[in-house]
Amino acid sequence: MNRTEQSNPCLEIIWKFVRGDMGPTEFEQWACSETGLEDQLGEVYYLETVSTDYSNKNAVYEIRQSLGVHAREASNLRCECITLSDFADIGMGPDTDIVLRTFENRARRGPALWWLSAQQCSECEQWWLMAADSRLNDVVLLKRLSPKEGGQILKEHWWPEDFDSFEKLLQCGRERGHNWRFMDPLDPSLIWTAADLARERPGIGVADLAKSLNLDIPHAEKVARKAMQDEGVVIDLEKKDT
């Protein structure tokens with residue numbers, strides 16, 4: 001959170017709900033019992049909040065949007081950390097630049113895990129585990145870390161295991177709707193990624209390769225053959241079932 005929001009726990013909880021880190025039922029219970037909420041929200045936002053049907057998905061979406069407007073108006077945002085969910089995904093582009101402008105790289109996982117780093121916001125000092133897939137799906141994945149976890153990375157070289165394999169990184173990005181399609185069926189990025197997956201898991205089956213690359217089996221076979229030829233990796237072309 002921003003330093004300016006550290007003394008406003010009510011606004012912090014509103015942000016947690018807006019960004020999806022607090023469920024509708026829990027938020028409703030809190031909102032109906034929080035004595036200072038009307039002072040925080042004002043009459044219009046307050047009545048909207050306490051009268052919402054939190055069992056209705058559309059109503060929950062609408063109140064999150066509405067409270068998001070209020071939260072931005074009420075916050076002195078010098079960074080975007082408080083607006084990000086505890087596990088956030090951002091497509092690479094202008095939105096990435098807005099979020100990452102205050103991030104400072106504090107540690108890298110190492111050449112073998114080139115996509116992984118520990119970042120800290122220069123404004124609010126929030127720690128993030130950052131995994132950047134700039135090769136296949138153009139997505140940045142972020143996991144919020146505690147100050148203790150940030151310190152463990154720096155002092156003890158201890159890293160969370162969330163994105164410790166490229167296969168896991170691709171899966172997380174895909175599950176969150178990030179999938180880039182290449183015009184060239186044998187684009188070098190596909191070949192390099194297939195080779196990295198095979199080095200990470202020697203003998204990986206073509207079905208698992210297809211799933212990670214979001215390709216059909218025939219296309220994945222062509223990519224696999226090219227990767228084996230150019231990069232000297234081992235891929236099981238007979239294993240077509242996951």
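Strand 3 (116-121) and strand 4 (127-133) run antiparallel and are joined by five bridges. Strands, like helices, are DSSP runs numbered from the N terminus, with at least two residues (E) for a strand and at least four (H or I) for a helix; two strands pair if DSSP finds at least two bridges between them. Within this pair, Leu116 stands opposite Ala131 in strand 4. The model is a predicted one, in which local features need pLDDT of at least 70 and side-chain atom pairs count only at pLDDT 80 or more, while totals for chains, interfaces and linings use all residues. Residues are numbered from 1 along each chain as its sequence is written, and side-chain values use heavy atoms, with hydrogens and water left out.

The loop between strand 3 and strand 4 holds Glu125. Its phi is near 70°, a positive value in a residue other than glycine. Glu125 counts as partly exposed because its relative accessibility is 45%; buried means under 20% relative accessible area, exposed over 50%, and partly exposed in between (1.4 Å probe, protein chains only).

The pair belongs to an open sheet of five strands in the order 1-5-4-3-2, with antiparallel pairing. Strand 1 (87-91) and strand 2 (103-108) stand at the edges with a single partner strand each, so one side of each has no neighbour in the sheet. From one strand to the next, the twist averages 30°.

Helices also meet this sheet. Helix 7 (residues 147-156) lies across strand 2, strand 3, strand 4 and strand 5, and runs at about 110° to strand 5. Helix 8 packs on the sheet by touching strand 1, strand 4 and strand 5, and its direction makes about 90° with that of strand 4. Such angles run from 0 to 180 degrees between N-to-C directions, and axes are lines fitted to C-alpha atoms, for helices over the stretch in contact. Contact means heavy atoms within 4.5 Å.

Which residues have the most contacts inside the largest nonpolar core? They are Trp115, Leu116, Phe163, Leu213 and Ile235, in a core of 38 residues. A nonpolar core is a set of buried Ala, Val, Leu, Ile, Met, Phe, Trp, Tyr and Cys residues joined through side-chain atoms within 4.5 Å. Among the elements that each supply at least two residues are strand 3, strand 4, strand 5 and helix 8. Helix 9 gives the most, with six residues. Another core, of 19 residues, lies apart from this one and includes Cys10, Trp30, Tyr54 and Ala71.

The axes of helix 9 and helix 11 come within 9 Å and cross at roughly 75°. Helix 9 is therefore roughly perpendicular to helix 11, a term for angles of 65 to 115 degrees; those under 35 count as roughly parallel, those over 145 as roughly antiparallel and the rest as oblique. Residues of helix 9 including Leu190 and Trp192 meet residues of helix 11 including Val223 and Ala227.

Helix 10 and helix 11 pack at about 100°, with their axes 9 Å apart. Helix 10 is thus also roughly perpendicular to helix 11. Among the residues in this contact are Leu209 and Leu213 of helix 10 and Ile217 and Ala220 of helix 11. In the loop between these two helices is Asn214, whose phi is near 55°, a positive value in a residue other than glycine.
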